[in-house]
Amino acid sequence: MVFAGRTRGATPWILTIGSAVFIVAVVDLWHQNQHMMKEAVGRAAQQEDELRLPSGCNCPEGHGQGTPHAADGTEDARSSSSSAKSGGAIDKFDPLHFDDGDLPEGSLKAELKNREFFTLQDLKICKAAEGGPWGRRSMRCDKDESCLACTKPWHRAQASRLISAFSDEALAAKRAQIITENFPDRKAQPIVVTATNKAHFPYLVNWACGCRSHFSEDMRKQTLVLAADDETYTMAMKNGFIAMPPSLFNVSPRHLDEEWAKRMNLTRNNVAKMGFPDSMAILVTCLSQLLEMKYTVITQDADVVWLRDVRHYLSSEKLRNVHLITQMAPRADAQGPVNTGFVYMRPAKITVVYMKSLIQSLPLFYMRVDDQVVWNTLLRHYLFRQLHIGVLPRKHFLDLHDHTVKWINEDTQFLHTVSNVKKIRRLRQHGEWHLTEACPWYEQEFEALFPEWDL
């Protein structure tokens, strides 16, 4: 009875306290709602004022011109955006740091800040790929997370020659002299760079003949040919191209010697394939120097055809804020998504660090007889996640197969005879083999160089 009495006596107090809490909560919600409404009205009024200010007006200090606000010192992002859209500030908008030699902002900036390159021991490519999501054809080496233990002595020896050539001051000066004498204006059109050996040189001439046929442009003096053997260098110079000999990269490709090939019972196909890693290794070495010299570059395989002058396409404002633009590799394994048969690169610190790191990875070019897997592996590496990549529309930059020919239309810029077979047959069948007597640079001797597998 006592307990029941106490309960009945406490009930009025509980009701009173509960009512008070409810009233306080309602009042608090009302005040919050009023505050939010005032802020919304203020923002609407500010936007209305800004809309009334015409572009280029004499705006008040700190208003509408991207100048700092007096209250918090932050920039008026909306006004900056409006100025950029009108074209007034686009040249100053440099988030990827093409102009100031810095790195993109982000958590990786500190790791990249004072590095010129990363070695294979730094990158640990084979550890990252092991069992990971990178899929088929990934770099793998159970013996060593840097992958080096899975390379052969001659892989490392040939790569070492190129790595030493890059840092050799005398060789670098000779390369720089050829570049500056023939391409004095760094702000002009990008340099087209192609590395090739004698088996693939006819494709390069076919490309030049195609440019002449499609848009009446002689591209030979706008192209730098990196010769993987002395015969290619001689042919390139004779046919009006600007070229560098293999000696500037410490390359002595004995496997391209005809007598040696005969003794080893090698076909032209074997010789062409064995020369491929040298070509791609020379290319990476030269691209690094060109980017350091502040040149914009287009690097491409010899087996391409330009249906239009792709430099106009690549100069679009819509592609301005990208470090690297590439043809798409339509595959789901580690050899994609970047097709290194066509790459457009702009000079920036992060692209230079990336290319110098590729030089350190040259033993893997020889181990895999493939540059594309190594390029893509580094592009996926977390250290280069802030290197901005653009993949070009496939139908505009098309891989030429019998089943893709139907996609060619007035927007198609470029054809690339990817894969290792029937390149010349495909180009001839679809009307894009231009190395004929109709081209002034045709020579009958070129036909003796065609690899059997491409006919």
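How are H13 and H15 oriented to each other? They are oblique to each other, since angles under 35 degrees count as roughly parallel, over 145 as roughly antiparallel, 65 to 115 as roughly perpendicular and the rest as oblique.

## Basis

This is a predicted model: local features need pLDDT of at least 70, side-chain atom pairs count only at pLDDT 80 or more, and totals for chains, interfaces and linings use all residues. Residues are numbered from 1 along each chain as its sequence is written, and side-chain values use heavy atoms, without hydrogens and water.

## Helix pair

The axes of H13 (residues 349–360) and H15 (residues 372–380) cross at roughly 130 degrees and come within 11 Å. The crossing is right-handed. H13 supplies Tyr354, Met355, Ser357 and Leu358 to the contact; H15 supplies Val374, Trp375, Leu378 and Leu379. Contact means heavy atoms within 4.5 Å. Seven of these residues are nonpolar, one is polar and none is charged.

## Strand E7

Strand E7 spans residues 338–345.

E4 (residues 297–300) runs antiparallel to E7, joined by four bridges. Ile298 stands opposite Tyr344 of E7. E6 (residues 324–328) also pairs with E7 in the antiparallel sense, over five bridges. Here Gln327 stands opposite Asn339 of E7. Two strands pair if DSSP finds at least two bridges between them.

Conventions. Axes fitted to C-alpha atoms, helices over the stretch in contact; angles between N-to-C directions. Helix = DSSP H or I, 4+ residues; strand = E, 2+ residues; numbered from the N terminus. Left-handed = near helix turned anticlockwise from the far one by under 90°. Nonpolar A, V, L, I, M, F, W, Y, C, P; charged D, E, K, R; others polar. Buried < 20%, exposed > 50% of the residue type's maximum accessible area, 1.4 Å probe, protein only.
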